[in-house]
Amino acid sequence: MQIHVVTAFPKLLSSPLGDSILKRAQERGLVQIHFHDIRAYTTDKHQQVDDYGFGGGPGMILKPEPIFRCLEDIYDRFQLDGTPVTLMTPAGQHYTQQKAIQLSLREKLVLLCGHYKGIDERVIKTWIQEEISIGDYILTGGELAAMVIIDSVVRLLPGAIGDIDSAETDSVQSGLLDHPHYTRPQNFRGMEVPAILLSGNHAEIARWRLQQALQRTRDRRPDLYEKYSKS
Ligand code: ADE
C-alpha cells in the first residue's frame, strides 16, 4: 500500500511512524508512507499557505494554489490517477472500524489535512471525493486525524501484526467492546485473575469472554449493543 499525506505540517507526523507496528510495517515493505509539504509548492518569498477568508470573520484559510500544485505533482509522479483524495475535517463522515477495513483494501490512499479555519472550497470541489471526521471535537488540524487513519489501516494489512487472529478478534470489529484481559502475575497486590481463565476449559473461557463483552457493551455503549442484537 502507498499512503500519501498532504500537509502544511509534516513534522507533526513523522515521529509516530518511527515506532512499533507502523515502523515494522514500513520496514517489511507492507506500506510506503510519503509526506508532501504544501509549503514546498508555494512560489512567494514568505511561503504563505494560508490567507484571510473572503467575507470576513476570524481564522485563516488554506490557499488553493499550493494544494492544487502539490496534488497535480504527486498524481503525476506517483501515478495516482483514479485514487480518491480524502480530506480530514470535523465536517466529514464519522470514522469507524468498517471504514478502516474499506480503506485497508485500497492500494493507494491520499489524505489531505485541513488546518486553521478550513480550506478553500475550490480545493474541495475539484479534488475531494470523501471527507472523514474522527469525532465530534476540533483538532488544530487534520494531521493527528490522518495519523489515526494511518494507524488503524496499517495494522489491518496482512503481516502487519504478528498474530493473524489478532485484528479479527478486535474490540468493535466484532460489533462488541472487548472483554477484560489479564497477564502474569496471577496475584498482583492481592488482585486475583478470574479463576475461569486458569481452568484450561476453552469453551467455558470463550463463554465467559462473550458474556463479559456483552455486559460491557450494554453498559457502556447501548448504541453498539442495539446494533449487535439486531444483526
Ligand atoms: N480536523 C480538525 N478536527 C478534526 C476531526 N475531528 N476529524 C478530522 N479532521 C479534523
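Author: Let's start with helix H6, residues 143-154, which has 12 residues and reaches 16 Å from its first C-alpha to its last, close to the 16 Å expected at 1.5 Å a residue. That expected span is 1.5 Å times one less than the number of residues in the helix. Helices here are DSSP runs of H or I with at least four residues, strands are runs of E with at least two, and both are numbered from the N terminus.

Before going on, a word on the ground rules: this is a predicted model, where local features need pLDDT of at least 70 and side-chain atom pairs count only at pLDDT 80 or more, while totals for chains, interfaces and linings use all residues. Residues are numbered from 1 along each chain as its sequence is written, and side-chain values use heavy atoms, with hydrogens and water left out.

Back to H6. Of its 12 residues, 9 are buried, so H6 is largely enclosed by the rest of the structure. Buried means under 20% relative accessible area, exposed means over 50%, and partly exposed is in between (1.4 Å probe, protein chains only). The buried set in H6 is Glu-143, Ala-145, Ala-146, Met-147, Ile-149, Ile-150, Ser-152, Val-153 and Val-154.

What does H6 pack against? One partner is helix H4, residues 97-104, at an angle of about 70° and with the two axes 9 Å apart. Axes are lines fitted to C-alpha atoms, for helices over the stretch in contact, and angles run from 0 to 180 degrees between N-to-C directions. H4 is therefore roughly perpendicular to H6; the cut-offs are under 35 degrees for roughly parallel, over 145 for roughly antiparallel, 65 to 115 for roughly perpendicular, and oblique for the rest. From the H4 side, Ala-100, Leu-103 and Ser-104 meet Ile-149, Ser-152 and Val-153 of H6, where contact means heavy atoms within 4.5 Å. Sorted by type, the residues of this contact are 4 nonpolar, 2 polar and no charged. For that sorting, Ala, Val, Leu, Ile, Met, Phe, Trp, Tyr, Cys and Pro count as nonpolar, Asp, Glu, Lys and Arg as charged, and the others, Gly among them, as polar.

Now let's zoom out. The domain assignment gives domain 1 (2-154) and domain 2 (171-230), with bounds that come from an automatic or database assignment. Their C-alpha centres lie 37 Å apart, and the C-alpha trace of the chain spans about 70 × 40 × 40 Å along its principal axes. The chain comes to 9 helices and 10 strands, and 39% of its 231 residues count as buried. Among contacts between residues at least 6 apart in sequence, 75% join residues at least 24 apart.

Helix H3 (residues 64-77) has 14 residues and reaches 20 Å, close to the 20 Å expected. Its buried residues are Pro-64, Pro-66, Ile-67, Cys-70, Leu-71, Ile-74 and Tyr-75. Just after H3 comes Gln-79 with a positive phi of about 50°, in the loop between H3 and strand E5 (85-94). Gln-79 counts as exposed, at 63% relative accessibility. Most residues other than glycine have a negative phi, and most peptide bonds are trans.

Arg-189 is another one to look at, with phi near 50°. Arg-189 sits in the loop between E9 and strand E10 (191-192) and is exposed at 73% relative accessibility. In the loop between H7 and E9 you'll find Pro-185, and the peptide bond from Arg-184 to Pro-185 is cis, with omega near 5°.

Leu-177 lies in that loop too, between helix H7 (164-168) and strand E9 (187-188), and is buried at 15% relative accessible area. Leu-177 and Leu-224 are 47 residues apart in sequence but 8.5 Å apart in space, C-alpha to C-alpha. Leu-224 takes part in a helix pair as well: Leu-210, Leu-214, Thr-217, Arg-218, Asp-219 and Arg-220 in H8 meet Pro-222, Leu-224, Tyr-225 and Tyr-228 in H9. That contact divides into 6 nonpolar, 1 polar and 3 charged residues. H8 (residues 202-220) and H9 (residues 222-230) pack at about 125°, with axes 5 Å apart, and are therefore oblique to each other.
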